[in-house]
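Reader: I would like to learn how to read a structural model feature by feature, with the general idea before each case. Could we go through one together?

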Amino acid sequence: MARALLARFADNLSMSDPETPMNAGRVRIELLSGLTVALALVPEAVAFAFVAGVEPLVGLYAAFIVGLITALIGGRPGMISGATGALAVVMVSLVAVHGVEYLFATVILMGLIQLVVGFMHWGKFIRLVPHPVMLGFVNGLAIVIFLAQLGQFQVPGTAHGGGGHGMANGEWLSGLPLYLMLALTALTMAIIWVWPKVTNLIPAPLAGIGIVALIVIVLGLDVPLVGDLASIEGGLPVLHIPAVPLTWETFMIILPYAVILAAIGLIESLLTLNLVGEIVNKRGGASQECLAQGVANTVTGFFGGMGGCAMIGQSMINVKSGGRTRLAGLAAALFLLAFILFASGLIEQIPLAALVGVMFMVVIGTFAWNSLTILRKVPKMDAFVTILVTVVTVATDLATAVVVGVIVSALAYAWNNATRIHAVTYETPEKAKVYQVQGPLFFGSSDGFSELFKAETDPALVIVDFENSRVVDQSALQAIEAVAGKYQALGKQIQLRHLSRDCHRLLSKAGHLVVDSDDDPDYEVAVDYGVRTGILGDH
């Protein structure tokens, strides 16, 4: 058993798989993809650190550690993780009231919660997210990424937190600086669009960043640079035990934040996992991703990082640049650390316009443009859910939007099934009336089920046939008992027929079946079951 687990873990650490054999060409693509991602990570990590109210290095260390660990043991090779705006907007109030040390303790607890989710295999419940919710998630996230870039069009040094989604409130550029920023952003986007038609030796986003940076440096253009945000120079992250009192009061302070952060991080990570999986045609890995996120955040909290989760923007950059293996994510993390240790001066000279252009192309590639045309073709409720999730994502956060979308979809599904309940009736030669129930019997359809029966006018024997129905929950049991009680009060008999195995088990456990037989669930012998009332009471 232990050997099998170790073998599986070793397979997960593999830098390649049979579908993407590692050779010189593949290594080049993976390393260049990782470099491109690392360049895009710098302003994002710095901006999200500002949103959370912490030092830039706290965001950069989180991007490095979370990115490194998830690249090694995450559920989907090719995914990129790091500090994100969705988490930063939750952290800001904690930092403002209690300080950054409480944030580190919260990140550790957040990671432990995610580990529990992973060990319990709760990540599989991401399958319950309907496609309209996924569409809304993707569209909303594309808009959020777009809004986050608008902060780069503000005068460096005037920005301050509060804009939401990583977009600070500051003084907007105007005149020539604005025109230069727009022109360089458009030029970067044009290069990224044209470059693949010329060569595939270098990823298009990296080419766009390099060419635009070269133009700015050679011509001496006065435009906002990465260094204008903050210095990214620093040392290696060091082990740091959060300086907080180890008391119950401290635990109660950080617990609500940790739960919210863990939920947001896992939801965004698992949805990103599904999205990347659709692009690279791979499935599974939800529980492993939960474990990886948990390990990454636990470790990050002990090394002075603000925590993180999967980043759909950077993941799209990596995948679109050709990154398919763990090497790309590993390279991105190591390149980012190299920037912090050795190349901060060089990276700080990169114009923000080039990185904004890359992210704008990510927005264009992420937004599900076909959803605008299919909204008129799909059921109205599905179209409503897609729009609702998009709006809620932009207005609040991703986790809230997905939860709202799933709840609305579930209610809509329950209502549709509730309205399907009906019955076909006929009389047998023995003068018994048979109700052939059609549709599932559950909490949503229990009232409709009760209304099907006419106890006052029905004959002395009534048979309820469940061949085309299923008894699902306690509300269904209560409805059956209530109907049986009406007939018994009138001195009439009611029997159940064609119970499926799961329905038979449910009713037997509740004690409703007078006759206990295992024949009927297999439809070999049509046993008619009497109903015992008074089991669940009148409420």
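Reader: In which helix is T298 found?

Author: T298 is found in helix α11, residues 286–301; helices (H or I, at least four residues) and strands (E, at least two) are DSSP runs, numbered from the N terminus. Before we go on, please note that this is a predicted model, in which local features need pLDDT of at least 70 and side-chain atom pairs count only at pLDDT 80 or more, while totals for chains, interfaces and linings use all residues. Residues are numbered from 1 along each chain as its sequence is written, and side-chain values use heavy atoms, with hydrogens and water left out.

Reader: Is T298 buried or exposed, and which residues does T298 touch?

Author: Buried means under 20% relative accessible area, exposed over 50%, and partly exposed in between (1.4 Å probe, protein chains only). T298 has a relative accessible area of 13%, and therefore counts as buried. Contact means heavy atoms within 4.5 Å, and, not counting residues up to four places away in sequence, T298 touches V107, I108, G111, L112 and L115.

Reader: Which residues lie far from L261 in sequence and yet are in contact with it or listed with a distance in space?

Author: L261 has its place in helix α10, and with a relative accessible area of 0% this residue is buried. Leaving aside neighbours within four places in sequence, L261 is in contact with L87, V90, M91, T106, M110 and Q114. L261 and A399 are 138 residues apart in sequence, with their C-alpha atoms 9.4 Å apart in space. A second pair can be read in this way: V403 and I267 are 136 residues apart along the chain, and their C-alpha atoms are separated by 9.2 Å. V403 lies in helix α18, residues 398–418, and at 40% relative accessibility V403 counts as partly exposed.

Reader: What span should helix α8 have, and how far apart are its end C-alpha atoms?

Author: The expected span of a helix is 1.5 Å times one less than its number of residues. For the 16 residues of α8, residues 204–219, this gives 22 Å, and the end C-alpha atoms are 22 Å apart, which agrees. The buried residues of α8, including L206, I209, V212 and V216, pack against α2 (24–52), α7 (175–198) and α15 (352–366). After α8 comes G220, whose phi is positive, near 65 degrees.

Reader: Why is helix α13 described as largely enclosed?

Author: In α13, 12 of the 16 residues are buried, so this helix is largely enclosed by the rest of the structure. Among its buried residues are R326, L330, L336 and F339.

Reader: How is a pair of aromatic rings described, and how many aromatic pairs does a search of the whole structure find?

Author: A pair of aromatic rings is described by the distance of the centres and the angle of the planes. Rings of Phe, Tyr and Trp (its six-membered ring) pair if their centres lie within 6.5 Å; planes under 30 degrees apart count as stacked, over 60 as edge-to-face and the rest as tilted. A search of the whole structure finds 9 aromatic pairs. The rings of F367 and W369 have centres 4.6 Å apart and planes at 50 degrees, so this pair is tilted. The rings of F449 and F453 have centres 5.0 Å apart and planes at 70 degrees, so that pair is edge-to-face. F449 is buried at 2% relative accessibility, as is F453 at 9%, and ring pairs link Y435, F449, F453, F466 and Y487 into a cluster.

Reader: Which residues touch the most other members of the largest nonpolar core?

Author: In soluble globular proteins, nonpolar side chains tend to be buried together. A nonpolar core is a set of buried Ala, Val, Leu, Ile, Met, Phe, Trp, Tyr and Cys residues joined through side-chain atoms within 4.5 Å. The largest core here has 121 residues, of which F137 and M306 touch the most other members. Helix α10, residues 248–280, gives the largest share of this core, 14 residues. Apart from it lies another core, of 22 residues, among them V464, V471, V483 and C503.
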